[in-house]
Amino acid sequence: SETLDPKLPQMEEFDTRKLLEDEKELLGLYLSHHPLDPYRAWISQKADFTAAELPEAEEKDRRFITVAGIITRVNNFNNRSGELMAFADIEDFTGKILILLNPSERQKYSQELRPDNIVAVKGRLWAKSSEKPDGTTETEYRIMCNQLESFSAEGPAQGKKSAPVKRRLHVRIASSQHGEKAPELLKELRKLTSSFSGDSDVILHIDENGAGKKFLLSGCEVRYSQELFRIAKRIFGENNVWVETDRV
C-alpha cells in the first residue's frame, strides 16, 4: 500500500484493476467536458447575453436582458427597512454574473435560490463605473431580477427544480511533482478542500511513471465552482485537474 503524508485525511483506495490504463484518452474526455454541458442547449436558448458579453449590451437592451447558468452562491440580507433581499452568483460558460433580488422577488423565488440550481434570470442590467487607484476605470455589472426560471428537461416550466448533478473533482500529483514538492501540494489540497467545503467528492491520483493509485479523500468534499476549478488548475497544473459530472 502507498505511504502518504500522515497528516493527510483518511483515504480509501478505489477498487479498480485497470487504473488510468489509457490516461491520455481519459484526460482528454474529462478536460473537454464542462459541468454545464448537459444544459448547454437550454442555456443557449434562454440567454440573450453571456457573462462575457454583458459589457457589449446597448443601453436600449439593458431593460430586458436574460442570462442563464448555475447558481454558485446565495447571500440573503436585510435592507434598511428590515426586508429580506438576496444576492446570487450565476456562472455560465464564460464567467460569473451577479444577480440582485428585491424583497418581492426573493420571496417569490425562495425555493429556486439554492446552489447548483440551473436557472434563467430576466431583468434590468445595471452597470456602475468607478475609478480604481491606478487611474483606470472599472465597471461592475449586475442583473436586477424580475423573473427567474429553473431548468426543466421537458422544456420551459417556471418553478420546476433542476435535475440533481453529481460532481467529482479529480486532482493528480504527477511523477514530475514527487519528492520535495509533493508535501506542499498536499498541504495546498487540504487548504483548498477546507476553503470550498461542500458535498462533491475529491479524487486524488498519485501518478508514478505511468502507473497510478487512485484515492477518495474521505471528509474532504468540496463545493464545486469555476473559481475552485481555476485555483486548483493553477496549483496542480493545467492537465492535472479535471471534473467528472453525472446526472443523478
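Does Phe87 count as buried or exposed, and at what relative accessibility? In this predicted model, Phe87 counts as buried, at 19% relative accessibility. The cut-off for buried is under 20%, so Phe87 falls on the buried side of the line.

Start with the partner of Phe87. The rings of Phe77 and Phe87 have centres 5.2 Å apart. Their planes meet at 20°, so this pair is stacked. Phe77 belongs to strand E2 (residues 65-78), and Phe87 to strand E3 (residues 84-91). The pair therefore ties together parts that are ten residues apart in sequence. Phe77 is partly exposed, with a relative accessible area of 25%.

Arg142 touches Phe87, Leu98, Leu100, Arg124, Leu125 and Trp126, leaving aside residues up to four places away in sequence. What is the relative accessible area of Arg142? The value is 15%, and Arg142 is buried. Its side chain has a polar partner: a contact of 2.9 Å joins Arg142 and Glu140.

Now turn to the other aromatic residues. The model holds four aromatic pairs. One of them is formed by Trp42 and Phe151, with ring centres 5.4 Å apart. Their planes stand at 85°, so the pair is edge-to-face. Where do these two residues sit? Trp42 is in helix H2 (residues 40-46), while Phe151 is in the loop between E6 and E7. They are 109 residues apart, and the pair links distant parts of the chain. Both partners are shielded. Trp42 counts as buried at 7% relative accessibility. Phe151 is buried too, with a relative accessible area of 6%.

Move on to strand E7 (residues 165-173), which holds Arg172. Arg172 is buried, with a relative accessible area of 9%. Which groups does its side chain reach? One is the backbone oxygen of Asn239, at 3.5 Å. Another is the side chain of Asn240, in a polar contact of 2.7 Å.

Helix H4 comes next. H4 covers residues 181-195, 15 residues in all. From its first C-alpha to its last it reaches 21 Å, close to the 21 Å expected at 1.5 Å a residue. The buried residues of H4 are Ala182, Leu185, Leu186, Leu189, Leu192 and Thr193. Why do they line one face of the helix? Seen down the axis of H4, the buried residues fall within an arc of 120°, so they share one face. On the other side of H4, Lys191, Ser194 and Ser195 are exposed.

Leu192, one of the buried residues of H4, is touched by Ala232. Ala232 is found in helix H5 (residues 226-236). How accessible is Ala232, and does that make it buried or exposed? At 0% relative accessibility, Ala232 counts as buried. Beyond Leu192, Ala232 touches Gly237 and Val241, again not counting residues up to four places away in sequence. Trp242 is ten residues from Ala232 along the chain. The C-alpha atoms of Ala232 and Trp242 are separated by 9.3 Å.

Notes
Residues numbered from 1 in each chain as written. Predicted model: local features only at pLDDT ≥ 70, side-chain atom pairs only at ≥ 80, totals over all residues. Heavy atoms only, no water. Helix = DSSP H or I, 4+ residues; strand = E, 2+ residues; numbered from the N terminus. Buried < 20%, exposed > 50% of the residue type's maximum accessible area, 1.4 Å probe, protein only. Polar contact = N/O pair within 3.5 Å; in protein donor to acceptor, adjacent residues only side chain to side chain. Expected span 1.5 Å × (residues − 1). Arc of directions from axis to C-beta. Contact = heavy atoms within 4.5 Å. Phe/Tyr/Trp six-rings, centres within 6.5 Å; stacked < 30°, edge-to-face > 60°.
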